[in-house]
Protein chains: 2
Amino acid sequence: MTMLSARQIKVLQAVIEEYIHSGEPVGSRTLSRSSAFQLSPATLRNVMADLEDEGFLCQPHTSAGRIPTDLGFRFYVNNLAGFTSVSAAAQLQIRARLEVAGGRLEEVLHDGVLTLAQLTPYVGVVSLPDFRQMIIRHIRFVKLHECRILAVVVSVSGAVQNILFDSETSLSQDQLNRFSNYLNALLGNLTLSGVKRKVLKEMANDKRGYDELFAQVLALSKSFFAKDPDQQSDVMLDGKLNLLEHPEFSDVERMKGIFKAFEEKGSILKILDGALGGEQLRVIIGAESCCEEMRHCSLVTAEYGREDRILGQIGVIGPTRMDYSRIIPLVNYIADAMSRRLQN
Amino acid sequence: MTMLSARQIKVLQAVIEEYIHSGEPVGSRTLSRSSAFQLSPATLRNVMADLEDEGFLCQPHTSAGRIPTDLGFRFYVNNLAGFTSVSAAAQLQIRARLEVAGGRLEEVLHDGVLTLAQLTPYVGVVSLPDFRQMIIRHIRFVKLHECRILAVVVSVSGAVQNILFDSETSLSQDQLNRFSNYLNALLGNLTLSGVKRKVLKEMANDKRGYDELFAQVLALSKSFFAKDPDQQSDVMLDGKLNLLEHPEFSDVERMKGIFKAFEEKGSILKILDGALGGEQLRVIIGAESCCEEMRHCSLVTAEYGREDRILGQIGVIGPTRMDYSRIIPLVNYIADAMSRRLQN
DNA sequence: GTTAGCACTCTTTGGGTTTAAGTGCTAACG
DNA sequence: CGTTAGCACTTAAACCCAAAGAGTGCTAAC
């Protein structure tokens, strides 16, 4: 990519901001009039033609103004966007909302996307962490019915999983309590599968306790660990309707594609966790998501988590013509607030 | 309403079935040709004009064919629709799906709507029962952190609620277990608020046990019962995208309205539980739902439950031009299968 | 390097016409 | 009397065409 001159950059920025604002292709005349350029339309045409050659702009058709390409937007967010600070009202709403939220992880996350959907005209999105990778704080067994047992597993971050399974023999609630205590004593910064390994190892070592109780415990542990938690990972979306307000989605087919991607959440999840381990805040523009249905959408997401552990991504999905200057700081802010909230 | 002649009825039926099939206004000519009427278009026109006067048919505009009104459809489902039996393939799929489902109520319901969304070109919908009205089978407390306690409440129908709350004093897991046992011993065909009342009464009576433990238990019980379960009642929807395939929803504004109603589930819930205590199977056609956004939709729903207790409604939402003959038996079948499944 | 001018392209808009479908009405028919 | 054929009428949709509007690229002059 060749270097852009200062003037080219200024023009590019003006085109993009005008386009973000109006949603319509921007032509040389409007540009020359609106912005404080001291240049004639003709000159701007030349500059814009160059920018088109470089791939930053394109035209829907000859005789229409220019609109930014994905590359144009990319250049904009990387170099040009001036980030406005989060409005006091928004800050207030975010903090108020998060304080009210109950302690369950799901509730906190849900409040997060809801807030984003309310503060922006876009879709709020959050990826729930894979439960299998969470560190377990507590496991408890509840006898429901004969052999049917409910395991309640709580992670340090406050995620609660209910896992229903059948034991081979009927156990009393007292026995289950004893087993719970045993398990909880040896948890300790382990994930569920870590616990599983540890339990099996302990049992192999600890031959002394091979009494009847212990055999039962082993059996129970086998049937419990055989069953995976059903929520492996998932995404939550809110404010899908917001998208309908944007003119670029008045095309029914396009909308259908996007909603389809929303419905089978797998593809969204793949995008969110795709470049996992990258930067703390990510902007994915149009085709960069490598998801055909999402070609006309951008995502702005940030990691949230507790301490040094990343739990997932939270952010928004909107048209590529997104108000990046406002959204990027906002997403950043909310991810931060949420991480702090989960620290408690 | 004046009585309809046999011929009028036959014509009405033909018009409706043709319209359900084609989706387009049906005129006298097509009717005369297709159906085995031995009548000329002119005669049919006369009949149709009468039916329009009676309010069963209407025209989008002069010089268009007729389409059935809500009243027309109503007459059709009440008197005319011949119900086809559920196809063997569908029966198989429903049973297979339900067998696989885990034991949690939510899972069973989710499988239900999913199946409906797959077997029909409409939206599957189910109303989750209000947890506050469910009979409680089991309550268990899990100590998470100092005063923070997780209550796991399981209903007889398999619904699991996690309720997070704070106790005033720090209690050990052992104490919590004892309290759990105490509570579970006195459950017995009561709802959560029933349990609450009973506990408070028991404690008032049972002065003898007013020792330290008992004071704690009372305190805990107070903070626990103060907190309502967060899932009061709710609806689950699946297959929203199916609706996009129907021509009557290609109008963007109309679609937007419907999706808005879907998003804020309250209005759907109101429709579902509106005529609660009515018939086992209900068909709500167009404006009968009294929900402006749903003016062009019909609902076919049936009660599901266990034993004599109704838990909620399951069914589909589609255009008023719905294939009632097929859908009504299908919804009936699945509600039945689900009720049996919940019996286990 | 910048700009005015100009011919050109392409979409959008609007009017007008035609086509197709279907109606209501009337008069004839068995 | 019910039924039917015929016909004039209505309306939406499809189509065409012309004009308008916006914007471009290019060239020549400043």
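Mentor: Helices (H or I, at least four residues) and strands (E, at least two) are DSSP runs numbered from the N terminus. Before going on, note that this is a predicted model, where local features need pLDDT of at least 70, side-chain atom pairs count only at pLDDT 80 or more, and totals for chains, interfaces and linings use all residues. Residues are numbered from 1 along each chain as its sequence is written, chains are lettered from A and ligands numbered from 1 in the order in which they are written, and side-chain values use heavy atoms, without hydrogens and water.

Trainee: At roughly what angle do the axes of H6(A) and H13(A) cross?

Mentor: Axes are lines fitted to C-alpha atoms, for helices over the stretch in contact, and angles run from 0 to 180 degrees between N-to-C directions. H6(A) and H13(A) are roughly antiparallel to each other; under 35 degrees counts as roughly parallel, over 145 as roughly antiparallel, 65 to 115 as roughly perpendicular and the rest as oblique. Their axes come within 11 Å, and the crossing angle is roughly 160°.

Trainee: How many nonpolar residues does the contact of H6(A) with H13(A) have?

Mentor: Contact means heavy atoms within 4.5 Å. On the H6(A) side the residues include Leu105(A), Leu109(A) and Leu116(A), and on the H13(A) side they include Leu330(A), Ile334(A) and Met338(A). Ala, Val, Leu, Ile, Met, Phe, Trp, Tyr, Cys and Pro count as nonpolar, Asp, Glu, Lys and Arg as charged, and the others, Gly among them, as polar. By class, the contact of H6(A) with H13(A) has 2 charged, 2 polar and 9 nonpolar residues.

Trainee: How far apart are the axes of H5(A) and H6(A)?

Mentor: H5(A) passes H6(A) in a right-handed crossing, and the two are roughly antiparallel to each other. Ile94(A) and Leu98(A) are among the H5(A) residues in this contact, with Leu114(A) and Leu119(A) among those of H6(A). The contact divides into 6 nonpolar, 3 polar and 2 charged residues. The helices, residues 88-100 and 105-119, pack at about 155°, with an axis separation of 10 Å.

Trainee: Which strands stand at the edges of the open sheet in chain A?

Mentor: The sheet has 5 strands in the order E7-E3-E10-E9-E8, with antiparallel pairing; two strands pair if DSSP finds at least two bridges between them. An edge strand here has a single partner strand, so one side of it is left without a neighbour in the sheet. Those edge strands are E7 (234-238) and E8 (281-285).

Trainee: What does the twist average from one strand to the next, and which helix packs on the sheet?

Mentor: The twist averages 20° from one strand to the next. The helix on the sheet touches E3, E7, E8, E9 and E10 of chain A, and its direction makes about 75° with that of E3(A). That helix, residues 266-274, is H12.

Trainee: Which residue in E9(A) stands opposite Ile284(A)?

Mentor: E8(A) and E9(A) (residues 297-306) pair in the antiparallel sense over 5 bridges. Opposite Ile284(A), the residue in E9(A) is Leu299(A).

Trainee: In chain B, which residue of E10(B) is the bridge partner of Val300(B)?

Mentor: Strands E9 and E10 of chain B run antiparallel and are joined by 10 bridges. The partner of Val300(B) in E10(B) is Val316(B).

Notes. Left-handed = near helix turned anticlockwise from the far one by under 90°.
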